[in-house]
Amino acid sequence: MGESGDERGWCWRGWRRETAGMEHHYADLGDVRLHYVTAGRGFPLVLLHGWPQSWYEWRLVMPGLAERFRVIAPDLRGLGDSSRPADGYDKKTVAGDIWRLAHDVLGIDRFHLVGHDWGGPTAYALAAAHTRCAGWRSWM
């Protein structure tokens, strides 16, 4: 047992501490159900993880970013706690998922977009399709 009496031990307590102040949500987009995590207030900033990661790759930078931005970190389709449809894993479809989450579900018309690894080409596809709505940066 961990020192707090929690059988999950120090790893669990560390995870809880790292993600304090972050809220988990789900969005049903019809063909996919996306899990996403939010934190902070301000201009929206969408963080797209790489493969095979999840939103959790951003957990250590989210608190600092949340001081200035409304941070939104989704699990891309097929990864993390998002659903795993049989198809739709091309950049255009995955980018469309993120657009529908931001625009249709969250009502966001403009946002910054950051992508790492597979999230980079996805961010590029989204920004190319919605040039007036998404300012993007890609971290490879």
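Which residue in β4 does A39 stand opposite? The points below get there by way of the overall fold. The model is predicted.

1. **Answer to the opening question.** A39 stands opposite V71 in β4. The strand that ends at this residue is β2, residues 33-39. β2 and β4 pair in the antiparallel sense, over 4 bridges.

2. **The other pairing of β4.** Strand β3 covers residues 43-48. β3 also pairs with β4, here in the parallel sense, and over 4 bridges. F43 has F69 of β4 as its bridge partner. When viewing either pairing, keep the strand geometry in mind: in a regular strand the side chains alternate between the two faces of the sheet.

3. **Burial of β4.** The strand spans 69-74. Of its 6 residues, 5 are buried, so β4 is largely enclosed by the rest of the structure.

4. E67 sits between α2 (62-65) and β4, in the loop. Is E67 buried or exposed? E67 counts as exposed because its relative accessibility is 68%, and the cut-off for exposed is over 50%. R41 is 26 residues away from E67 along the chain, yet their C-alpha atoms are separated by 7.3 Å.

5. **Helix α3.** Just after α3, G107 takes a positive phi, about 70°.

6. **The buried residues of α3.** Which residues of α3 are buried? They are V94, A95, D97, I98, W99, L101 and A102. Note that D97 is on that list. For reading the spacing: an α-helix has 3.6 residues a turn, so residues three or four places apart point the same way. The cover over the buried residues of α3 includes the strands β1 (23-28), β2, β3, β4 and β5 (111-116). Helix α4 (119-129) is also part of that cover.

7. **The whole chain.** The protein has 4 helices and 6 strands. From the N terminus, the order is α-β-β-β-α-β-α-β-α-β. The protein has 140 residues, and 44% of them are buried. Take the contacts between residues at least 6 apart in sequence: 62% join residues at least 24 apart.

Note on methods:
Residues are numbered from 1 along each chain as its sequence is written. This is a predicted model: local features need pLDDT of at least 70, side-chain atom pairs count only at pLDDT 80 or more; totals for chains, interfaces and linings use all residues. Side-chain values use heavy atoms; hydrogens and water are left out. Helices (H or I, at least four residues) and strands (E, at least two) are DSSP runs, numbered from the N terminus. Buried means under 20% relative accessible area, exposed over 50%, partly exposed in between (1.4 Å probe, protein chains only). Contact means heavy atoms within 4.5 Å. Two strands pair if DSSP finds at least two bridges between them.
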